[in-house]
Amino acid sequence: FTATPPRNLTLLGIETPKKVGRKHEGTLTRFDSLSREHFDAAYVKHTIADRQSTIALFERQARKARAAELKAFAESSLPLLREQLKIARSLPDREG
C-alpha cells in the first residue's frame, strides 16, 4: 500500500503504530510455519480478505469521516486498494 497518509495524523487524533500488533504477529508466525507448497495459497487468501476489509474501512471513512483530510485520504486511496484486490484475485492458487 503506497498512498501517502495525511500529514497531520496526530492533529486528527490518530496514533500510528510503532510495532506490529498481535494479530499481525500471529499471521506472520503462521506464514513462517507453512511449507512452500502451502504458502502461496494462504498468502493469496489472506491478501484478498485483507484488501476486502481495508476497502470496507476506507469506504466507511470516505462516507462518514468528519475530518476533511482523512475523508480525502480515504477517497483517494480507494482506487489503489480496489486495483490491489483485483490483482490479488487474479493470482493463481498454487496449492495442490
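Biologist: Which residues of α3 are buried?

Modeller: This is a predicted model. In α3, the buried residues are L70, F73, A74, S77, L78, L81, Q84, L85 and A88. Buried here means under 20% relative accessible area. What covers them includes α2.

Biologist: What makes the eleven residues a nonpolar core?

Modeller: The residues must be buried and nonpolar, and joined through side-chain atoms within 4.5 Å. The largest set of this kind is V44, I48, I55, F58, A62, F73, A74, L78, L81, L85 and A88. Nonpolar side chains tend to be buried together in soluble globular proteins.

Biologist: Which elements give two or more residues to this core?

Modeller: They are α2, spanning 36–64, and α3, spanning 68–90. The most comes from α3, with six residues.

Biologist: What does V44 touch, leaving aside its neighbours within four places in sequence?

Modeller: V44 is in contact with A88, L91 and P92. Contact requires heavy atoms within 4.5 Å.

Biologist: How do you know that the reach of α3 is close to the expected one?

Modeller: Set the two values side by side. From first C-alpha to last, α3 reaches 34 Å. The expected value for its 23 residues is 33 Å, at 1.5 Å a residue.

Biologist: Where does the kink in α3 lie?

Modeller: The kink is at L78, shortly before the proline P79. Its angle is about 35°.

Biologist: How many aromatic pairs are there by this rule?

Modeller: The count comes to four.

Biologist: What makes R51 and D50 a salt bridge?

Modeller: A side-chain nitrogen must come within 4 Å of a carboxyl oxygen. The closest N and O atoms of R51 and D50 are 2.6 Å apart, so the pair qualifies. R51 is buried, at 15% relative accessible area. D50 is partly exposed, at 25%.

Biologist: How do you know that R82 and E59 form a salt bridge?

Modeller: Apply the 4 Å limit again. The N to O distance between the side chains is 2.8 Å, so R82 and E59 pass. R82 lies in helix α3 and E59 in helix α2, so the pair ties together parts that are 23 residues apart in sequence.

Biologist: Why are R82 and E59 called partly exposed?

Modeller: R82 has 41% relative accessibility. E59 has 27%. Both values fall in that range, so both residues are partly exposed.

Biologist: How many salt bridges does the structure hold?

Modeller: The structure holds two.

Key: Residues are numbered from 1 along each chain as its sequence is written. This is a predicted model: local features need pLDDT of at least 70, side-chain atom pairs count only at pLDDT 80 or more; totals for chains, interfaces and linings use all residues. Side-chain values use heavy atoms; hydrogens and water are left out. Buried means under 20% relative accessible area, exposed over 50%, partly exposed in between (1.4 Å probe, protein chains only). Helices (H or I, at least four residues) and strands (E, at least two) are DSSP runs, numbered from the N terminus. The expected span of a helix is 1.5 Å times one less than its number of residues. The bend at a residue is the angle between axes fitted to the seven residues ending there and the seven starting there. Rings of Phe, Tyr and Trp (its six-membered ring) pair if their centres lie within 6.5 Å; planes under 30 degrees apart count as stacked, over 60 as edge-to-face and the rest as tilted.
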